[in-house]
Amino acid sequence: SAGIAHRFKRRRGRPFAPKCHQTATRSCGSVSGQVEPISVRKGARASALAAGMLRRALQYRRCVLWSRRCVSIRWQSTGSKDGVGAAGPSASAAGTEKRDIDGLIEKMLGKDWDKEEPVVEQHKGPKGNEEHIMQAQREIRDLVNEHDFDTALERIHDLKSLIGKDFGLEHPVYAAILNDEGIVLKARNEHDKAVDVLIQALGIYSASVGEDTISYAATMHNLGMAYKAKALASRGVVKAQTIEQSYECLQESLKIREKAYDEPERNLEVLNTRRNLATVDFRRGNKEAAIDELSSVVLAVRMSKRGPRSLDVATALNDLGYLQKEAGNFQSAIDAYEEAFSIRKDALGPDNPSTVTTEWNLAAVHGAMGNVEKQQSMSASILERFGYSAEDLVEEPK
């Protein structure tokens, strides 16, 4: 339909780029994240099926009317004294009614309405693949949670070809798998590739569903996180510029989410963006304001529907512990890290990567306080659980 065509129109002119990326491009040159599937073929297939159903219904109606007239003819033929003569007027009326019905059908379906109807292609299209795609996306997210990024990326590449074939490269479903790919690429420290893929996903969302949607906001959030990861791996001017890009993307995502959700002060997606925005603002130099904001986020997450011992609380506390440590507030950092470690250990187990990261960060705080022996003891205990020795000590995970 014209409406669907308008929604999925292709943007012309320069390629899509979010505001945060455009700003960076002007200042430093070229700088390289639950949409429900909407089948663009659905309208065409539905129209063909509807036409077939109408054709069969009218054919059936004509047959019923004609059979009723034939029954009347037979009844009059056998019931009258001169049966042959009685059948004549009924047959004539039946012929007139048949021509009228044929004319009506011809006006609605064309002159070739009584020919064999075209076969609607029944290949395994979007409708047949929707469940498979959703199941594959769930498996990808499970692999990401398990930190198996290599396998997740392989599944994503297989799924991209399937979605591109069934839905097209400008469809929101394709943007969703690009968002997943960007998350995995960021986790693999392929920051520039992650940024490029997420910008491509934003362009598709912008042209198809609009820039005020939850899907667009989620991908913008993930783009901000990709810029943050790139900044942490960079130095000097590049680090400062990408931190600004991250801050602008997260701010834009937050604005959209606050408008999209009811009670945004309690919504976990909004709080997640606020949490990450605070950590980025800390790196921009606004340390006290960032710690205050993150402390209020921790309190709000505790009061959310998931409860005070949820993994969302542990994530916020882990971030707060890092900010407190970097600001020199060591005891506050220890308190935050110990609670985060307790929650993650109970929920995920002691050897989960998230649990180990918090435990390692806690050991680093003791070292920063001057208690080197306790840091080394805790670090050695972690390494031994995974078959390493004290000589294999690496930099503190962030």
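**Entry 1: Arg 284 and Asp 281.** I looked up this pair in what is a predicted model, and I found that the side chains of Arg 284 and Asp 281 meet in a salt bridge, at 2.8 Å from N to O.

**Entry 2: Glu 269 and Arg 257.** I turned to a second salt bridge, in which the closest N and O atoms of Glu 269 and Arg 257 are 3.3 Å apart. Glu 269 belongs to helix H11 (residues 268-283) and Arg 257 to helix H10 (residues 236-260), so this pair ties together parts that are twelve residues apart in sequence. For the accessibility, I noted that Arg 257 is buried, with a relative accessible area of 5%, while Glu 269 is partly exposed, with 35%.

**Entry 3: Arg 385 and Glu 359.** Here I found the side chains of Arg 385 and Glu 359 in a salt bridge of 3.0 Å, N to O. This pair links distant parts of the chain, 26 residues apart, with Arg 385 in helix H16 and Glu 359 in helix H15. Is Glu 359 buried or exposed? Its relative accessibility is 11%, and because buried means under 20%, I count Glu 359 as buried. Arg 385, in turn, is partly exposed, with a relative accessible area of 35%.

**Entry 4: helix H15.** Twelve of the 16 residues are buried, which leaves H15 mostly covered; among them I listed Trp 360, Leu 362, Val 365 and His 366. What do the buried residues of H15 pack against? I found helix H13 (311-326), helix H14 (330-348) and helix H16 (372-385) as their partners. At the N-terminal end, H15 is capped by Asn 352, which has a side-chain oxygen 2.9 Å from the backbone nitrogen of Ser 354. After the helix comes Gly 370, whose phi is positive, near 100°.

**Entry 5: the whole chain.** I ended with the totals, and I recorded 16 helices and zero strands for the protein chain, with buried residues making up 42% of its 398 residues. The accessible surface comes to about 22200 Å², and 51% of that belongs to carbon and sulfur atoms. A search of the whole structure finds 19 salt bridges, and I also noted a network of salt bridges that links Asp 150, Arg 188, Glu 190 and Lys 193.

Conventions. Residues are numbered from 1 along each chain as its sequence is written. This is a predicted model: local features need pLDDT of at least 70, side-chain atom pairs count only at pLDDT 80 or more; totals for chains, interfaces and linings use all residues. Side-chain values use heavy atoms; hydrogens and water are left out. Buried means under 20% relative accessible area, exposed over 50%, partly exposed in between (1.4 Å probe, protein chains only). Helices (H or I, at least four residues) and strands (E, at least two) are DSSP runs, numbered from the N terminus. Contact means heavy atoms within 4.5 Å. A polar contact is a pair of N or O atoms within 3.5 Å; within protein, one must be able to donate a hydrogen and the other to accept it, and residues adjacent in sequence count only if both atoms are side-chain atoms. Accessible areas come from the Shrake-Rupley method with a 1.4 Å probe; for residues, only the protein chains shown count as cover. A salt bridge is a side-chain nitrogen of Lys or Arg within 4 Å of a carboxyl oxygen of Asp or Glu.
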